[in-house]
Every structure is written in C-alpha cells, then in structure tokens.
Amino acid sequence: MSAQHPFVVRLAALPWLPAFLLAVAAGAVAALGFEPVGSIAGPVAGAALLLVLLAAQPRGRAFGLGLGFGFGQFLLGLTWIATAFTFQAAMPVWMGWVAVAGLSLFLALYPGLAAWLARRFADRLVPLTLLFAGAFTLGEIARGLLFSGFAWNPLGAGWLQLPGVAQLASLVGANGLSALAVLAGGSLAALLAARGERGRLGLVLLFPLLLLIGLGVPKIQKPLASPTETKALLVQTGVGIADKHQEGGLARNVEAALARTRLALASGLKPDLVIWPEATVEFPLEEMPDLRRELVAGFPAGAKLLTGGVAIWRDAGGTITAAANSAYLLDSTGEILARYDKSHLVPGGEYLPLRAIAEPLGLARLVPGSLDFKPGDGPVTWRFPPLPAIAPNICYEIIFPAAIVNRADRPEMIVTISNDAWFGPSGPPQHHAQARLRAIEEGLPVLRATPTGITGLIDPRGGLVETLPRGVAAHAVVAVPAPLPPTPFARLGLLSPALFALFLLASGFFLNRRKT
C-alpha cells in the first residue's frame, strides 16, 4: 500500500468489530437520503465506507464491511415492511421485524460483493472509488433482476433533493445516480486520504461540480411544453387497510370512491379520465355489468374510468381457480375497454414463494386469501384517443427501471395506481420518490392514485405538479403534461447504467495499474 494519510492509518488500527459497526452506521446514514427524511446523505455515507475499505487489513475484511454497510442501509430503509405485518392476522406481528432483518441481510450481499471486488484489486482511494462505484451499480442492477428482483431505494434516490443531478437519470438511470453518489463520496474522502494520488484533484472537484449541476441546471433548463388538453381526476378515497378489511369494507371502499368522484363532478368538473387507486373495486367487474354502469353514472360523455380491480378465472363448476391484481379502463357507459393484469407481483404479499415449504412453517401471504395472484404478461400501452397513450402500472411495478413501459410502443404518460396504506409513514414517500425517478428516466409524466397518499402528478422531469395531503379523502383535477422526446435511458434501458458501470470499472483497473 502507498503512503496514507494518518487518519487512514488510525482506521486501519481499528479492531474488526468497531470497523464493522462503523460500516453499519455509514449504511444507516445512507438511508437518511431516502424519504421521508430526504437528503444527500449518500455521499457522506459513501465517504465513510470508502475510508474504512481503504484501511481494511487484510483485504478480505472488505466483504464484511460492505455487508455491514448494506445491512445498515436496508434495515433503516425498509422498516415499512414491518408495518405491513400489522394489517394481517395469519402471522405474529413480530415476524415483520424478522422479515426486515432477513431481507436486509440478503440484500446486503450485493454491496458486500462490490466492496470485496473493489478492495481486492485496489489499495489507493481513486481506483478503489471507481471500482466500488462500478461494482455497486452493477450490484443494484442485479438486485432489481435476480430472484424476482427488489429494486427498492437505489442509493441515488437521494439526488432528488438536487433536481439538476437527478436529471442525469434520463441518461444513466437511477442506478447510474447511485454510482454518482459513490463517486461523490470518494470526492469527500479524497480530501482526507488521497495524498499525492494520480487523479486525486479530479476526484476532489467532483462533489462541488455535482452540487453546481444540482443547483444550476434547473435554472437554465428550457420550460416544459404546454400541457395536453387532457384533464384527469385523481381520486384519493381516504380508506385505510384496517377499514377495508372490516366487514362490509370492500363495499364501503367503492362507495368512498364514488362519493369523492361525484363530489368533483357535481362541482362542474368535466375530466376526460378519472383515476381510482389499486384494488378499489374487489368485485368481478366482468361479471357485473350493473356495477360497472353504477361506477360511471354521471360521467361526461366520452370520459373514462381507470380503476384498480381484481380479475378472476372460474372452472366449469364456477369455482374461482385464479385471480389477478388488475387495472380496468371503462367508458362512460360502463363497457370494459381494456384490462391490465399486474405482471410483477410482490413475493410474500400477492403470492407465497415455495408455498409447500412456507405454509407448514406458519408463513402466509400478507394479502388476505390463500389463492396466489396470477401474473400478467408485462408492460402494455393503451391507445384510446383522444386520451394520450397510457402505460398502466400497479403499485410495486413502478420501482423497476426499464420495466414499466412497452419500448416497442412508447406511451405518452404513465398511470400508476397503488395502495400504500399498508406501509406506514416511510413506505409511501419512498414509493413516490421512485415514481419520480421513473418519470425522469422515461421522460414521461406520471399520474399516481392511492387511497391514503401519496396521490399526485409528476412531470416528465420528476417535478411535483400536484400532491394531495396524506391520510385524507381528497381529489385533484390536473392537466396531463406533454411527454418529452425519448431519453437515452428510454432507448437503452438498463444497458445505459450498465455501460456507465463498466466504464467506471475499466477506469479503476487502469488507474490501479499505474503508479501514483
């Protein structure tokens, strides 16, 4: 190892346990970058981890340090999962915290492997930063793809606090923003530990440059195009999970949506599209034409209703054999124009993985019922002029970059219906933040409807146009923004952040082979 700053030497002298706890604490700091706190804590946390990694001796300790960082980040960031367990009776509530800890430990394998790889090949800060940024980004991409995927809370989500930096997601995606968070952490660490290194100056200047971009770019961006002529009514019913699960709750949920919609229509509003949250109507709409007509009674001619519902399949005897979490588009006469079945289901929520093993252990899915939902076929585009072309998404699906629109038939807006009432104070704002990232990546407006919040309109640059207060019944009529031209990310998908990550890895290996 080349000569290091005395601060790094002192870190190297730390026993294993204090160093590990420092890495866990750094991960917890990183989680403060996520909503509802919302900050640019990611670079600060990254700086702490990189310094600990740089000091790690033997190098094999790096895996444990990266694991500790990931565990701290996910443990604090995923507490909303434990809240979801309070709305079911099939398992003890304390199992929610077991699920949070177990999932956090599993997800921490990705930063653990990234840290091991970076420290395995680098003993100087600049190449270590580049290698870790590249490997960390590839790990995030893999986290969203493997074992059904769980792309929740990319480290780069903290850049939403600096809109100019967040705009770079249109080029390298949310995972690319995570690489920038690590690089910015290296910039801060370089002030302490990169004495005399080749490339040190460029790394030191990176964080101030990102701050300049973050603060300055929004001031010089061209205004967005005028909104389309389409008016959408976003309905937030105010019905929580506990209320919905009580006797008669499903019917009262529909009544709440109807009441809020009719209140809006009675005030003279004439929307082109009415949007209700996920699972607003948990009755078989295909089999109930009278109910469908009731749902759209009083709609202006030509107006349409997009509502969450449940599709069912029956055998010859009429027994339900399968169900899907679905979105329906109805016209003003109650006819079904289109149905979209959620394709990316929540493991443990909408289906129980390894049911034959899990059920004897006392495990169950969180959503009531023993019949697993059936997945749909993937992203679709609904075209029903004069409405802009719609990409329907249901809840969890919005967290997956490059998986929410049909790239062969680009839509003009994304509609995501969700039920965030399960997820306590932290889950809904984190979910909403990821919808903002999808808007930036795709260059498309996002219209979001939930029963208890966060409901609102996000413009194609991730800006908040309309946001309804949480926990109340409310509605808003919004003019649908025009889409931006396809972004580089919209064209390349996950290849975009993957190429960026490979570039960082190649740069790190190159610099590591050169002498300081």
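These are my notebook entries on what I looked up in this predicted model.

**Ground rules.** I number residues from 1 along each chain as its sequence is written, and I treat the structure as a predicted model in which local features need pLDDT of at least 70, side-chain atom pairs count only at pLDDT 80 or more, and totals for chains, interfaces and linings use all residues. For side-chain values I use heavy atoms, with hydrogens and water left out.

**Entry 1, salt bridges.** I took a salt bridge to be a side-chain nitrogen of Lys or Arg within 4 Å of a carboxyl oxygen of Asp or Glu, and the structure holds 11 of them. Glu140 and Arg143 are both buried, where buried means under 20% relative accessible area, exposed over 50%, and partly exposed in between, with a 1.4 Å probe and protein chains only.

I then turned to Arg339, which forms a salt bridge with Glu286, the closest N and O atoms being 2.8 Å apart. Arg339 lies in strand β5 (residues 336–341) and Glu286 in the loop between β2 (273–275) and α14 (289–295), so this pair ties together parts that are 53 residues apart in sequence. Arg339 counts as partly exposed at 34% relative accessibility, and Glu286 counts as partly exposed at 37%. Arg339 also meets the side chain of Asp341 in a salt bridge of 2.8 Å, N to O, and Asp341 is buried, with a relative accessible area of 13%. I therefore noted Glu286, Arg339 and Asp341 as linked in a network of salt bridges, with the background that side chains of opposite charge can pair when their charged atoms come close.

Phe121 and Phe509 form an edge-to-face pair, at 5.2 Å centre to centre with 75° between the planes. Phe121 lies in helix α7 (residues 109–121) and Phe509 in helix α18 (residues 495–513), so the pair ties together parts that are 388 residues apart in sequence. Phe121 is partly exposed at 33% relative accessible area, and Phe509 is partly exposed at 32%. Phe150 and Trp152, by contrast, form a stacked pair, at 6.5 Å centre to centre and 10° between the planes, and both of these residues are buried. Phe150 and Trp152 belong to one aromatic cluster with Trp80, Tyr396, Phe400 and Phe423.

I also checked for charges over rings, which requires NZ of Lys or CZ of Arg within 6 Å of the ring centre and within 35 degrees of the ring normal. Arg120 lies over the face of Phe121 at 4.9 Å from the ring centre, and Lys374 lies over the face of Trp313 at 4.3 Å.

Asp420 is found in the loop between β7 (413–417) and α16 (427–442) and counts as buried at 1% relative accessibility. Leaving aside neighbours within four places in sequence, I find Asp420 in contact (heavy atoms within 4.5 Å) with residues including Cys395, His431, Arg448, Gly453 and Ile454. Cys395 has a positive phi of about 50° although it is not a glycine; it is found in the loop between β6 (390–394) and β7, and is buried, with a relative accessible area of 7%.

The peptide bond from Gly453 to Ile454 is cis, with omega near 15°, and Ile454 lies in the loop between β8 (446–449) and β9 (456–458). I found another cis peptide bond from Gln57 to Pro58, with omega near -5°, and Pro58 lies in the loop between α3 (41–55) and α4 (61–77). Asn153, a residue other than glycine, has a positive phi near 55° and is buried, with a relative accessible area of 4%.

Terms used: Helix = DSSP H or I, 4+ residues; strand = E, 2+ residues; numbered from the N terminus. Phe/Tyr/Trp six-rings, centres within 6.5 Å; stacked < 30°, edge-to-face > 60°.
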